[in-house]
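Open the model in your viewer and keep the sequence panel beside it. This tour tells you what to select at each stop and what is there.

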Amino acid sequence: DWKRFDGQYKYKPKTKQIENRGARMGRSFDRRTFMRVPTRDLNCQYGPVLNLSQAGLMFCMIDEKPGMVAGSRGYLRLTHGLTSLRVKVKVVWMSPTPHGTRVGVDFRGLTPRDNKVITQLIRDAGDPDGEPCDRRQ
């Protein structure tokens, strides 16, 4: 039998479903596979990046972008000093704050080279003295 990405069987979609519906179901916000690292001097084209992990990042969007909503996909250009990386992302959540809209994204389709650059950015732009921030602040 062929399985679709969403866990339902292709030929009889109503017959079976996978019990575990996703990696994020049943996990709290702070229980992650990859540790989030507060960052300094790391930016994307929409504003400063607040934290970064191997799986995604959170940034603060200063100006509203009409097409950016939860579930949308696009590209971010990350820059730190002379290091630059273009990554494909999916917007997971958005939360307005007085200082701008905080946006959480997951990385999609990373190559081994992209993973190396992200590891380097975590090492170089990571702020060990920075306070971890979340979407509510």
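One definition first: a residue counts as buried under 20% relative accessible area, as exposed over 50%, and as partly exposed in between. The model on screen is predicted.

**Stop 1: the whole chain.** Show the protein chain as a cartoon. There is one helix, and there are seven strands. Follow the chain along the sequence and the pattern reads β-β-β-β-β-β-β-α. Of the 137 residues, 38% are buried.

**Stop 2: the helix.** Select residues 112–125. This is helix H1, and Thr 119 is found in it. Is Thr 119 buried, exposed or partly exposed? Its relative accessibility is 33%, which lies between the 20% and 50% limits, so Thr 119 counts as partly exposed. The side chain reaches the backbone oxygen of Asn 115 at 2.9 Å.

**Stop 3: across to a loop.** Where is Gln 54 found? Look in the loop between strand E3 (47–52) and strand E4 (56–61). Along the chain, Thr 119 and Gln 54 are 65 residues apart, yet their C-alpha atoms are separated by 7.1 Å. A polar contact of 3.1 Å joins the two side chains.

Next, show what surrounds Gln 54. Not counting residues up to four places away in sequence, Gln 54 touches Phe 34, Phe 107, Leu 110, Asn 115, Ile 118, Thr 119 and Ile 122. Asn 115 is also the residue whose backbone oxygen the Thr 119 side chain reaches.

Stop 4: In soluble globular proteins, nonpolar side chains tend to be buried together. Select Leu 57, Phe 59, Leu 76, Leu 78 and Val 105. Of the 23 residues in the largest nonpolar core, these touch the most other members. Elements that give two or more residues to this core are E3, E4, strand E5 (73–80), strand E6 (83–97), strand E7 (100–108) and H1. Which element gives the most? H1 does, with five residues.

**Stop 5: Val 105.** Zoom in on Val 105. Leaving out residues up to four places away in sequence, its contacts include Leu 57, Phe 59 and Leu 76. Val 89, Lys 90, Val 91 and Val 92 are also among the residues it touches.

Zoom out. Among contacts with a separation of 6 or more, residues 24 or more positions apart account for 49%.

Key:
Residues are numbered from 1 along each chain as its sequence is written. This is a predicted model: local features need pLDDT of at least 70, side-chain atom pairs count only at pLDDT 80 or more; totals for chains, interfaces and linings use all residues. Side-chain values use heavy atoms; hydrogens and water are left out. Helices (H or I, at least four residues) and strands (E, at least two) are DSSP runs, numbered from the N terminus. A polar contact is a pair of N or O atoms within 3.5 Å; within protein, one must be able to donate a hydrogen and the other to accept it, and residues adjacent in sequence count only if both atoms are side-chain atoms. Contact means heavy atoms within 4.5 Å. Buried means under 20% relative accessible area, exposed over 50%, partly exposed in between (1.4 Å probe, protein chains only). A nonpolar core is a set of buried Ala, Val, Leu, Ile, Met, Phe, Trp, Tyr and Cys residues joined through side-chain atoms within 4.5 Å.
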